[in-house]
Amino acid sequence: MASQATSEGLFDASAHAARWLADYRGRAGAGDVVASGDAEAWTAAFEELAIAAGDDLGHARQRVQRHAEDIGTGFRVAGDSDERPWPVSPIPLLIAEDEWQGIAAGAAQRAALLETVLADLYGEGRLVADGTIPAALVNGSPLFLRPMVGLTVPGGYQLQFVAFDLGRGPDGEWRVLADHVRSPVGAGYALENRLATSRTLGGLQGRLNILRHAPFFAAFREGLAELCKRAEPRIGLLTPGRWNASYAEQAHLARYLGFLLVEGADLTVAEDRLYVRTIAGLKRVDALWQRADPRLLDPLAFDSHSQIGVAGLIDAFAAHNVLISNAPGAGVLEAPAMQAFLPLLAERLTGEKLRLPNVATWWCGADDARALVEGRLDELRIAPAFGVKPLGLPDGAMLGADLSSEQRAALLADLARRPEDYVGQETVRLSTMPVVADNDLAARPFTLRVFAARAPDGGWAVLPGGFARIGAHADDRAAVMGDGLWSADVTVHSPDPVAHVSLLPATDSTQIRRNPGTLPSRVADNFFWLGRYLERGEALLTIVRVMLGNSIDADAGAALDHETVGRMAGLVVAAGAAAHPERLKRPDLVQLARTALDAMDGWHNIPAMNRLARNIAGVSRDRLSADMCRLLDAPHPTKGSMLDRCGSLQRRYAALSGLAAEHMGRTASWRFHDLGRRVERGVVVARLVRTFGMAGATADDLSTLLDLADSQISYRQRYLTGIARVPVVDLVALDPGNPRSLAYQVDTIAAHLDHLPVLNDDGLPEDQQAEALALKALLATANAAHLEAAQLFEAERQLTRLSEAIARRYFLQGAEPLRAGGLTLA
């Protein structure tokens, strides 16, 4: 009997599980998976749920959601600026291994059938020529890409990764609701659901012998590599970018599989080969797992307006120099109208019936099918034939019985004009599964997404499980469930022990790797500017804090010199964080500080810098820690006084700086991040010394300079007799031992550049190195007593030129870098 100690005594998990199961079975229908499933398995699952939840089911839901958020799972809805948390149910869908074997066999059969049909549509075209598939079904589809006709595909396969949405009827029969072959979404969510659920129901894996996901992903990765020409291929996951609905999933998959997460701007084609722009030049890419709309992949071959594609990519594909998974044009098979013909195609091409039958579908482009749909309109679901909403269905698919008289008339009128744009489908009723709703168990309909991948032997491997989508209400009609409200892990349990398999190296592996791999130019660019934005925001915050502190002190008679305060206000204005106040009275300074600190519509103030940094974090999930992403995503503080809010932000900046200093590996990514910080800090310090440290500076000026350069303690440890201009200038500008000084920033910049890759082998410094050496020499030979504003202004200019030189050398964009000397194609 499962039990655990609590503050109130011994908690009997078995008793709670038995009570929950009995109550749930009494409410759920006969077709529910608990009612018809393995009683022993569901008992084990509910006992683990009771251990996790205690007597509060809501606690289990919160716990699994917290684990999902810790993993970084999220998704985006079109129009949203921020990602939403991925909704996970703490109760998995349990499927016995013998039942799963039938599902897996049906998925593999269907994947093989789709491969055969696709090869014919873009090859010999016999299925259209003999009328098995109507020509209008192919040519009328917006997802049929004519430039792909006649091309032989690298590796010989059109498909490498597919997904199918399945519905389980109350009678236990599984049927296919939809095919996904363009860029199937969800495998990463299945991984993340498994992680979150296993952390919540910790003992379930051992009790039920749950089949693992790792062998499937290993087979997919090895299958892609097997189809590439080179023995050690470089494989990229092509993402449309951070605004894509499943970007978080794509980043997780790239990190898990060891693929390079790339955007179209990272890639270029030269001599019919695909390359990724990296800090070490152009590096060849052998395969792309693309997650973008295939019509946007190449503006020369498809949509000329595409801003996310790669010009010439299809030429490289046609030359068999890059594998694209799946082949562009595969989406023609996703048309709902195609399902009407798959049962016949299966029997003709394989000699077998579909092991996973379709939802019965009638394409209205055929006269007899149209007549049937019109005659049974109230019984069927009416949907667009090709995914594009026709005039008669402006809101998309609808149940015929739910149509108003006006909608029915409009539908029938357009159906008469363009019958080929419509399909009729039977109304499918779904099984239900348990979910925690309002701190209680409820039965909700679900669908299952199953994934299949091309294995190294050319066959199909099927992911044991997938992920379930669970409806928000009890209506069990698939047509009204939509995308669902929750997701759930799908666990396939076996009577036999399951071997531990992981994509991680074995604990006794002796293989060592210290090189983290290729760093794309875009990533280096992002990390450089992440450092600059954070440092710029922190410098501006420091000015606001010092200015606020002294404006408050003014009431006690301890105000800084009027001109010193004016110079601080001028720095805020020069940064573009606020407009110049008409006066420098306390209310004016407070308003200036409030604008710089809190105005959410500013372009160059503190919220703007944090927003820019957060945007970079949004496209760097595969390279930043969860803690760093969480800090960058944190909302702007709104409570407390302005000084309190300043303190909150200062602690956040300090935490980010500490994470970068102590937790980031000393890789090229970290070097670019630190380079950005050092360049920005150098510019700020040079400006501060020029503003507060020149001849004629007052004691208030010098004290403010030490405050802004965070060097008060260092100065007072060295000089006990008071404040003097030359020692202050030397400490802040020229002392290489002060980590806040200008000289220290330049020395650190030069050291970083010496560790980054160079393209020349002649031993001469590249432009960015030469700029750093010149600046280093300027400061090394300067004397604090004779340091002038012109020299500091020149240092600012040189830092700006140095930043531009770093960008020209490492942040490769556009076609110009392809013609630059020294950039070899590797």
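**Basis.** I worked from a predicted model, in which local features need pLDDT of at least 70, side-chain atom pairs count only at pLDDT 80 or more, and totals for chains, interfaces and linings use all residues. Residues are numbered from 1 along each chain as its sequence is written, and side-chain values use heavy atoms, with hydrogens and water left out.

**Confidence.** I looked up pLDDT, the predictor's confidence in each residue, from 0 to 100. The protein averages 89, and 92% of the residues score at least 70. I took helices (H or I, at least four residues) and strands (E, at least two) as DSSP runs, numbered from the N terminus.

**Aromatic rings.** I counted rings of Phe, Tyr and Trp (its six-membered ring) as a pair if their centres lie within 6.5 Å; planes under 30 degrees apart are stacked, over 60 edge-to-face and the rest tilted. The structure holds 22 aromatic pairs. Phe216 and Phe217 are edge-to-face because their planes stand at 80 degrees, with the ring centres 5.1 Å apart. I then checked burial (buried is under 20% relative accessible area, exposed over 50%, partly exposed in between; 1.4 Å probe, protein chains only). Phe216 is buried at 3%, and Phe217 is buried at 0%. Ring pairs link both into a cluster whose members include Trp86, Tyr256 and Trp289.

Thr268 has Tyr275 of E11 as its bridge partner. From E10, Leu267 and Val269 point one way, Thr268 and Ala270 the other way, and all are buried. In the hairpin, 2 residues lie between the strands, and Glu271 takes a positive phi near 55 degrees.

**Loop residue.** Where is Thr239? I found Thr239 in the loop between strand E8 (235-238) and helix H11 (247-257). Thr239 counts as buried, at 3% relative accessibility. Not counting residues up to four places away in sequence, Thr239 touches Tyr247, Gln250, Leu261, Val262 and Glu263.

How values were computed
Two strands pair if DSSP finds at least two bridges between them. Contact means heavy atoms within 4.5 Å.
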